[in-house]
Structure formats: C-alpha cells, structure tokens
Amino acid sequence: MSPPSSSSKHSESGVARLCGSGTSGFLELMIFHPIDTVAKRLMSNQTRLFVPGQPTSVGIANTNKVIFKDAANAAFLKRYASLFPGLGFAAGYKIMQRIYKFGGQPFVNEFLNRNYKSSFNGVFGEKTGKTIMHATAGSVVGIGEIALLPLDVLKIKKQTNPEAFRGRGLFKIVKDEGFALYRGALWTAGRNAPGSFALFGGSAFVKEWIFGLEDYSKATFFQNFCASIGGSIASITVAAPLDVVKTRIQNRNFDNPEGGMSIIRNMVRNEGFGAFFKGLLPKILVVGPKLVFSFTIAQQLIPLFHHKFEEMGVTNLGNTVKPVQL
C-alpha cells in the first residue's frame, strides 16, 4: 500500500498486507457501521416520511422511528446501541471485502496489463487506456464479490429486519435457507460491476489526469485523499438505484421473498423515481471518509506489520505483492 522505503526495494509481504488491510477494515467497521445502518434503514423504508400538509415534526418523528425502530423513544445511548445490529456478520463481510477488493484488483489489473494492454491502448489511447484498464479490473473484482453475498444478506437483514432471526440461530438459518442466501446475486453483480468500475476508474482518472501520476503507488496522502473521494462519489451515485433494489430484495423475510422487477414496479408506482436514490446522501457523506480512513490506516499498518514480521522471521520476502493502486 505504501511506497517502498529508500532502503528497501521490495513491496510489503502478503501476510503484512493481509493483517494491515484486515485491521483497517475492522477499525472502519467500528466507526462507520452505525451510519451504514441508518442508510440501509432509510433505503428499506417504503413509506413517505414527510407528507405534504403534515407538520414537519410528524416527518421528523417518522424518520426517528425508521432509523431507531423500537428504540425510537429510548435514551440516547440505547438509541445509539440500536444502530449496531448484525455487527458479527458485518465484521466478517467488511474485513473480507476489504482484503478481497484491495488485494484482488491489482492482480486482475496486472493480468490485463500483461495480456491486453495493447488492446486497451489501441482503443482508448495510452493514458485513457490505463485508466479504463484499472476500472475494468475493479469491475471484474466487484462482480466476484457475490461470493461474500450471504454475509451481506445476513448483515442487512439484521440491520433492517431483525424479526427474520427470531427463534433461529446462525447455523439454523444457513441450514434452512441454503442457496436462498444468494438471493439477489444477479442484482448485486449488476450493482457491483458499474460501482467498482466507477470507484477504481474514478480514482485512476484523478491520479492520471489531474495529478499526472505515472506510478499510482507513489501518490501522496493528499492525492490519495482526492482520488478516493472522487472514485467513491462516482461509485455510489452510479450504483445507487440497483443498490436500493438489492437492499430491498435482501431485507425481506426468508419466507416472503420478492423479485427485483416486482420491487422496481412497486417503487415507481408507490414512491416515484426518487425512491431509487433513497439513502444516497448518507452514503455519499460516509463513503468518501470511509475509503480515505481505511486506506490511510492500511498505509500506516502494513509497513509496521511488515517490519515486525521481518524481525520475527515470519515474512518471506520472495512472496510479495505490489502496492494497491486505488
């Protein structure tokens, strides 16, 4: 993640990268999970919160009930604690997602660079081709994220529909539902493909065209900050409509599923096209800081783990990976 020091010509080891990115994902989760819960609950709500003709106080009260559910009238600490449902599932999902996404995209990009660089450059030109190649690698990795879908499904249900878990533990749910936990996989892939394309492509665009970087791994903190914000806003905005559909597919009771097309028809009929962008503002406000936070923490921890593992004799310098290029 961080550029090699002047005294070292190798990148950080794979085990250091695993620990650094995993730890950054965990810290990110503990800070931002409540905001994610708020966004998910707003996206899952299918009623108008502010109705024309009603006092604003009624709309605020409705919003409070959607966000805090049964704890809407409780004390502050209890309301805050109610924003941490599904933390176990969220931890597994977020940490694995960060390791997979931050670690997988550079390998796919290297594959494309080795085998298809001339094709990308021939169609888009050298600079644009490089950006599109990073975006395409991100899109491929994003589609592969559906392997983690069961953890995401359980996290979202716990955040938005905890009644689905009543009387059943984790293993009972997995046994009963089986592949039903992959419900919405195609919609998730449809959301992830353009979303990850915009994330990595937007980040590469900022580094390539605004900062003129040839080696993205040598970006400064400020350059990584700007690139992450640009890519994050583009990603969330592009993926927002399908993200709402995916969330509503996943948060329904296990015994009462609903297809994506049916959800879309009902959204347009009952809520209008604005429903496709519900929860967008909280997600935009949190995604940029989340990516910058996790990227910065990983930059600090990966070299620390690497040097510590070197001292312990754990690190195999021959088994290294290239820095992440967000």
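The protein chain exposes about 15,700 Å² of surface, and carbon and sulfur atoms supply 64% of that. Areas like this come from the Shrake-Rupley method with a 1.4 Å probe, and for residues only the protein chains shown count as cover. What you're looking at is a predicted model, where local features need pLDDT of at least 70, side-chain atom pairs count only at pLDDT 80 or more, and totals for chains, interfaces and linings use all residues. Residues are numbered from 1 along each chain as its sequence is written, and side-chain values use heavy atoms, with hydrogens and water left out.

So what is the chain built from? Its secondary structure comes to eleven helices and zero strands. Both kinds of element are DSSP runs numbered from the N terminus: helices are H or I with at least four residues, strands are E with at least two. Of the 326 residues in the protein chain, 49% are buried. Here buried means under 20% relative accessible area, exposed means over 50%, and partly exposed is in between (1.4 Å probe, protein chains only). Contacts tell you something about the fold too: among those between residues at least 6 apart in sequence, 81% join residues at least 24 apart. A contact means heavy atoms within 4.5 Å.

Let's start with helix 1, which covers residues 14–44 and holds Ile-31. Together with Phe-26, Leu-27 and Met-30, Ile-31 forms a nonpolar patch on the surface, with about 320 Å² of accessible area for the four together. Patches are made of residues with over 30% relative accessible area and no salt bridge; like charges are joined within 9 Å, and nonpolar side chains (Val, Leu, Ile, Met, Phe, Trp, Tyr) within 5 Å. Ile-31 itself counts as partly exposed because its relative accessibility is 46%.

Now for the charged pairs. A salt bridge is a side-chain nitrogen of Lys or Arg within 4 Å of a carboxyl oxygen of Asp or Glu, and by this rule the count comes to five. One of them joins the side chains of Arg-98 and Glu-28, at 2.8 Å from N to O. Arg-98 lies in helix 4 (residues 87–124) and Glu-28 in helix 1, so this pair ties together parts that are 70 residues apart in sequence. Arg-98 counts as buried because its relative accessibility is 6%, and Glu-28 is buried as well, at 1%. Setting aside neighbours within four places in sequence, Arg-98 is in contact with Ser-21, Gly-25, Glu-28, Gly-103, Leu-291 and Ser-294.

Further along, Arg-191 forms a salt bridge with Asp-243, with the closest N and O atoms 2.5 Å apart. Arg-191 sits in helix 8 (residues 185–210) and Asp-243 in helix 9 (residues 221–250), so the pair links parts that are 52 residues apart in sequence. Arg-191 is buried at 13% relative accessible area, and Asp-243 is buried at 4%. Glu-271 and Lys-278 also meet in a salt bridge, 2.8 Å from N to O. In that pair Glu-271 is buried, at 12%, whereas Lys-278 is partly exposed, at 21%.

Finally, have a look at helix 5, residues 126–144. Its 19 residues reach 27 Å from first C-alpha to last, close to the 27 Å expected at 1.5 Å a residue; the expected span is 1.5 Å times one less than the number of residues. Buried residues in helix 5 include Gly-129, Ile-132, His-134, Ser-139 and Val-141.
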